[in-house]
Amino acid sequence: MPAPRPRALSPDVSAAEDVEPVVVAPEVVAPEVVAPEVVEPVVAWFARARRDLPWRAADRTAWGVLVSEVMLQQTPVARVEPVWRDWMARWPTPRAFAAAPVADVLRAWGRLGYPRRALRLHECARALVERHGGTVPDDESALRALPGIGQYTAAAVRAFAFGRRSVVVDTNVRRVLARVLGGVALPAPSPTAAEHAIAVGVVPDDDDAAATWAAASMELGALVCTARAPRCGDCPVRDACAWRAAGYPADEHSARRTSQAWHGTDRQCRGRIMAALRAAHAPVDRADLDGTGASPAQVERCLAGLVADGLVVRVGTVSDGAGLFTLPTG
Ligand code: SF4
């Protein structure tokens with residue numbers, strides 16, 4: 001039977017924003033009881049079905065893994081991969097990246113979205129040079145002390161770069177655990193402590209096994225147990241899945257889900273302003289940014305926000321008093 005299509009909470013991407021770990025329904029099942037019958041089939045499936053992604057290659061570097069995790073926050077793999085390849089060819093080390101001009105960084109970030117991530121990654125590289133001699137530490141507290149590195153990213157870097165046991169819980173993992181162990185369509189809108197406890201309970205004790213489980217569970221959520229159209233017939237844990245066994249009950253939190261509107265939003269307007277400035281080789285007149293399709297008031301508001309975020313600078317004034325804008329220098 002094809003699975004129903006629950007309303008998605010968030011985009012089905014490989015990694016969410018640096019979200020706090022979440023919770024499912026702890027009363028439904030004790031994770032330590034079912035962990036082997038979930039972990040082993042998922043890991044075996046991963047060995048057959050895993051995507052050959054460059055940040056998983058045998059010659060990957062910790063820096064490459066860190067960059068991939070930052071890029072994958074809220075951006076799908078297909079859009080990240082070409083940018084990541086160019087990025088690593090150009091800036092293969094934190095030290096190389098730390099020396100790059102900010103404008104080059106933002107141009108290279110291109111259309112990945114949420115460009116504040118690029119600025120934070122730049123700050124992170126500079127901190128790696130200053131504090132760690134240009135290397136990525138494997139210690140969780142040292143990782144979390146870096147700019148832009150939260151609980152999720154630190155856990156992912158430890159697992160995927162260093163093969164350490166850590167609890168890696170992104171949007172995909174949350175959804176898989178909610179369905180298999182919690183019997184619900186989607187996890188609660190906000191992560192909970194109970195959800196985190198379940199995720200911890202499932203992680204194998206061994207470093208290598210834990211790191212493989214982290215990658216495998218994320219991959220299952222990205223490729224099979226997707227938000228909108230789970231392919232239960234291809235799923236290695238279909239016989240253990242509580243949501244499937246319960247007959248796919250509807251998402252009980254659907255009324256609390258926030259939609260991801262795009263057209264006409266400030267986010268779209270900011271993206272168009274950034275695209276115009278990335279393409280320009282000289283400061284851009286404020287009046288020329290009205291061609292981004294938004295109202296003058298919305299352009300004004302978004303420009304102010306971009307300046308406040310450090311993504312845009314005002315470098316002058318034209319005759320009618322309007323500003324000239326460009327990407328940051330330095
Ligand atoms: S059977 Fe597998 S794909 Fe289907 S909902 Fe359960 S975990 Fe997801």
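In the predicted model described here, V284 of the protein stands opposite F325 in strand β3, and D285 stands opposite L324 in that strand. These two facing positions belong to the pairing of strand β1, which covers residues 284–285, with β3, a pairing that runs in the antiparallel sense over two bridges. On its other partner, strand β2, which spans residues 313–317, β3 again pairs in the antiparallel sense, here over four bridges, and T317 is the residue that stands opposite G323. Taken together, the three strands form an open sheet in the order β1-β3-β2, with antiparallel pairing. The edge strands of this sheet are β1 and β2, since each of them pairs on one side only.

Strand β3 itself, made of residues 323–326, can be described by its two faces, of which one is covered and the other is uncovered. The covered face carries G323 and F325, whereas L324 and T326 lie on the uncovered face. In a regular strand the side chains alternate between the two faces of the sheet. The facing pairs can be read against this division: F325, from the covered face, stands opposite V284, while L324, from the uncovered face, stands opposite D285.

The sheet is set within a protein whose secondary structure comes to 14 helices and three strands. Of the 330 residues of the protein, 40% count as buried. Among contacts between residues at least 6 apart in sequence, 74% join residues at least 24 apart.

Among the helices, α9, which runs over residues 171–182, is mostly covered, with 12 of its 12 residues buried. The buried residues of α9 include T171, N172, R174, R175 and R179, together with V173, V176, L177 and V180. After the helix comes G183, a residue whose phi is positive, near 75 degrees.

The ligand is surrounded by 15 residues, of which the closest are C225, P230, C232, C235 and C241. Two elements give two or more residues to this shell, namely α9 and α12, the latter covering residues 242–245. The most is given by α9, which contributes three residues. When the shell is divided by class, 11 of its residues are nonpolar and four are charged, and no polar residue is found in it.

Q74 has a positive phi of about 75 degrees although it is not a glycine, and its place is in the loop between α2, residues 62–72, and α3, residues 77–90. Y248 is likewise not a glycine and has a positive phi, in this case of about 55 degrees; this residue lies in the loop between α12 and α13, the latter formed by residues 266–279.

Technical notes: Residues numbered from 1 in each chain as written. Predicted model: local features only at pLDDT ≥ 70, side-chain atom pairs only at ≥ 80, totals over all residues. Near = placed C-beta within 6 Å. Nonpolar A, V, L, I, M, F, W, Y, C, P; charged D, E, K, R; others polar. Buried ≥ 20, exposed ≤ 12 C-beta atoms within 10 Å, placed from the backbone. Pairing = 2+ DSSP bridges. Contact = placed C-beta atoms within 7 Å.
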